[in-house]
Each structure stands twice: as C-alpha cells, then as structure tokens.
Amino acid sequence: MSRARNIRLLLAFDGTNYAGWQKQRDQKTVQGMIEAAINTMTSAPITLHGAGRTDAGVHALGMVASFHTRAIIPCTGFRMGLNSMLPVDIRVIEAGEAGDDFHARRSARAKTYYYDICTGPVQMPCQRLYSAHVPGRLDREAMRACARLLVGSHDFSSFEAAGSRDPSRKQGRGPVREIFSVRLINPPVAGRFRFEITGDGFLRHMVRNIVGTLLQVGRGQRSPDEFMSVIAARNRAAAGPTAPARGLFLKEVHY
C-alpha cells in the first residue's frame with residue numbers, strides 16, 4: 001500500500017452560489033463540492049481541511065486547503081482533474097505535496113481579507129456581486145483614523161456575530177485577536193475604495209461588522225472617539241450593522 005500523502009491546495013472561488021465554505025447537510029458549499037470531486041478521483045473518502053470558514057456569498061482568491069490520501073495521482077493531475085470536475089466558480093490554482101505536519105487551518109499564522117466598496121451613484125452590473133454599493137461622499141480620513149485603532153491585540157467582542165464560538169469554553173483565546181495591519185486603499189477606478197486587514201484570526205462576521213461601523217464613521221454618524229468606545233464596549237450592540245457578504249474576499253493565508 002502506498003504511503004499517505006499530504007496534499008495542499010490553493011483555491012479561488014466565487015461564493016455567490018454557495019452557503020459558505022463549510023460542508024452542511026442539504027446545502028451546496030465549497031468544501032462539499034471539492035471533497036466530492038476528490039472522493040471521485042481517489043475512489044476513497046477524504047476529509048478536506050480549509051484554512052478557515054467563509055460565509056455564504058463571501059469570495060476567495062487565496063483559500064488554502066489540505067487533505068491526506070494514498071492515491072498516487074500526481075499533483076498536476078489533482079489540479080487538472082479537479083478543475084475538469086468542479087463548477088467554473090471554483091478553481092484549484094495550485095496543488096502540491098506538503099510535509100506530514102502541515103494542516104491548512106492549524107498551520108496558518110495570519111489571514112488577509114479585503115472588502116470592496118462602490119461609492120459612485122450607479123454601480124456597474126458586473127460589480128454588483130463583488131462590492132457593496134454605498135453611494136455618496138465618505139470621510140475617508142476619519143475612517144483611516146479609526147481603522148488604525150484596530151491594530152494590535154484586542155477583545156473584538158463588539159464585532160463578533162452570535163454563534164462565532166462557544167462562550168462557555170474556557171480554553172483558547174476567546175474573542176481576543178491580533179491585527180497586524182489595516183489599510184484603506186483608493187484603487188485607480190474613481191468611485192471605489194478597498195478596506196484591507198491582516199490578522200492572526202477573525203471572529204464570525206468580524207470584518208463585515210468592522211466595515212459596517214467604519215461606514216458609519218465615513219457618513220459622520222460616529223467620531224473616532226466613539227469608534228474607540230465601540231471596541232472598549234465588548235458588546236455587539238455597540239457596533240454598526242453588518243456589511244453585505246458580497247464585498248468580502250479572503251485574499252491570502254499566511255504560513
């Protein structure tokens with residue numbers, strides 16, 4: 001019998017038509033689609049481990065996943081074969097062998113997400129599924145000042161959606177996460193901007209809740225001082241609304 005191999009996949013997907021990454025009963029998910037294709041290729045059941053979970057409607061340019069198999073299929077064969085079997089909104093960008101101790105989620109040191117926003121009066125139809133439409137002027141300097149307050153290690157309970165984790169568990173780090181960098185980027189296209197954030201982990205809806213609160217700052221509904229009080233409150237009710245899923249992309253997983 002051949003030895004067990006640890007296969008690492010780099011994935012991109014359009015999350016519009018999926019109930020998120022994680023496999024669910026009676027729901028079409030990205031993990032479920034890829035697992036089913038690998039099972040067909042290897043003629044054996046496998047478990048695919050993703051670097052993290054993405055919600056319904058969230059996209060990815062750099063999701064990483066891994067699985068163990070005894071199949072002797074070459075890595076290029078996995079890439080080409082899976083892409084021939086998967087729908088066109090899920091692609092395997094790379095496939096390679098990883099060390100036995102590599103795990104897509106547990107080995108990850110940080111992730112980078114970005115969120116795209118259209119501020120023009122009319123959103124182009126081809127962008128409607130990939131950016132939030134927030135027409136009108138936003139105070140971007142005030143938003144940048146607030147975004148800088150996120151850098152460092154904080155309790156992000158104010159930006160945590162219900163069901164993110166089991167609060168009764170005493171192990172682990174709870175709602176504390178470390179943010180390494182935050183940027184508000186002005187792309188070369190007028191009427192658009194991007195919020196990009198890198199951290200060692202993210203709570204459920206954390207990025208979208210941060211964006212929703214920053215947009216309130218941009219509209220003049222909150223000041224930077226009030227934004228700081230939101231972080232300190234450690235209460236979801238203190239923060240702003242959840243930004244739509246369609247503007248969010250998992251850009252990269254760092255190892």
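Student: Is Leu 150 buried or exposed?

Tutor: This is a predicted model. In it, Leu 150 has a relative accessibility of 0%. Buried means under 20%, so Leu 150 counts as buried.

Student: Where is Leu 150 found?

Tutor: Leu 150 is in the loop between α3 and β7, the latter being residues 152–155.

Student: And which residues does Leu 150 touch, leaving out those up to four places away in sequence?

Tutor: Leu 150 touches Phe 156, Phe 159, Ile 179, Val 182, Phe 195, Ile 210, Phe 227 and Ile 231.

Student: How far is Leu 150 from Ile 93?

Tutor: Their C-alpha atoms are separated by 32 Å, and the two residues are 57 places apart along the chain.

Student: Which residues touch the most other members of the largest nonpolar core?

Tutor: They are Leu 9, Ile 34, Phe 159 and Phe 195, in a core of 68 residues. Helix α4, residues 206–218, gives the largest share of this core, with seven residues. As a general point, nonpolar side chains in soluble globular proteins tend to be buried together.

Student: What does Arg 194 touch, not counting residues up to four places away?

Tutor: Arg 194 touches Tyr 114, Tyr 115, Asp 116, Arg 183, Leu 184, Ile 185 and Pro 187.

Student: Changing topic to helix α3: is Met 143 buried or exposed?

Tutor: Met 143 lies in helix α3, residues 140–148. Met 143 is buried, since its relative accessible area is 2%. Leaving aside neighbours within four places, Met 143 is in contact with Leu 138, Leu 184, Phe 193, Leu 214, Leu 215, Val 217 and Gly 218.

Student: And how far is Met 143 from Phe 13?

Tutor: The C-alpha atoms of Met 143 and Phe 13 are 29 Å apart, and the residues are 130 places apart along the chain.

Student: What about helix α2? Which of its residues are buried?

Tutor: In helix α2, residues 75–85, the buried residues are Cys 75, Phe 78, Gly 81, Leu 82 and Asn 83. Their cover includes helix α1 (30–42) and the strands β1 (5–13), β3 (59–69) and β4 (90–98).

Student: In the loop between β1 and α1, is Trp 21 buried or exposed?

Tutor: Trp 21 is placed in that loop, and Trp 21 is buried, with a relative accessible area of 3%. Asp 26 lies in the loop between β1 and α1 as well, but Asp 26 is exposed, with a relative accessible area of 75%.

Student: What is the phi of Asp 26?

Tutor: Asp 26 has a positive phi of about 65 degrees although it is not a glycine. Most residues other than glycine have a negative phi. His 205 also has a positive phi, near 65 degrees, and His 205 lies in the loop between β9 and α4.

Student: Now the whole protein, please. How many helices and strands does the protein have?

Tutor: The protein has five helices and 10 strands. Of its 255 residues, 49% count as buried.

Student: Why does the radius of gyration agree with a compact globule?

Tutor: A compact globule of 255 residues would have a radius of gyration near 18 Å, and the protein has 19 Å, so the two agree. The C-alpha trace spans about 65 × 45 × 30 Å along the principal axes.

Student: How many positive and negative side chains are there?

Tutor: There are 35 positive and 21 negative side chains, and the centres of the two sets lie 2 Å apart.

Technical notes:
Residues are numbered from 1 along each chain as its sequence is written. This is a predicted model: local features need pLDDT of at least 70, side-chain atom pairs count only at pLDDT 80 or more; totals for chains, interfaces and linings use all residues. Side-chain values use heavy atoms; hydrogens and water are left out. A nonpolar core is a set of buried Ala, Val, Leu, Ile, Met, Phe, Trp, Tyr and Cys residues joined through side-chain atoms within 4.5 Å. Buried means under 20% relative accessible area, exposed over 50%, partly exposed in between (1.4 Å probe, protein chains only). Helices (H or I, at least four residues) and strands (E, at least two) are DSSP runs, numbered from the N terminus. The radius of gyration is taken over C-alpha atoms; the globule rule is 2.2 Å times the number of residues to the power 0.38. Lys and Arg count as positive and Asp and Glu as negative; His and the chain ends are not counted. The place of a charge is taken as NZ of Lys, CZ of Arg, CG of Asp or CD of Glu. Contact means heavy atoms within 4.5 Å.
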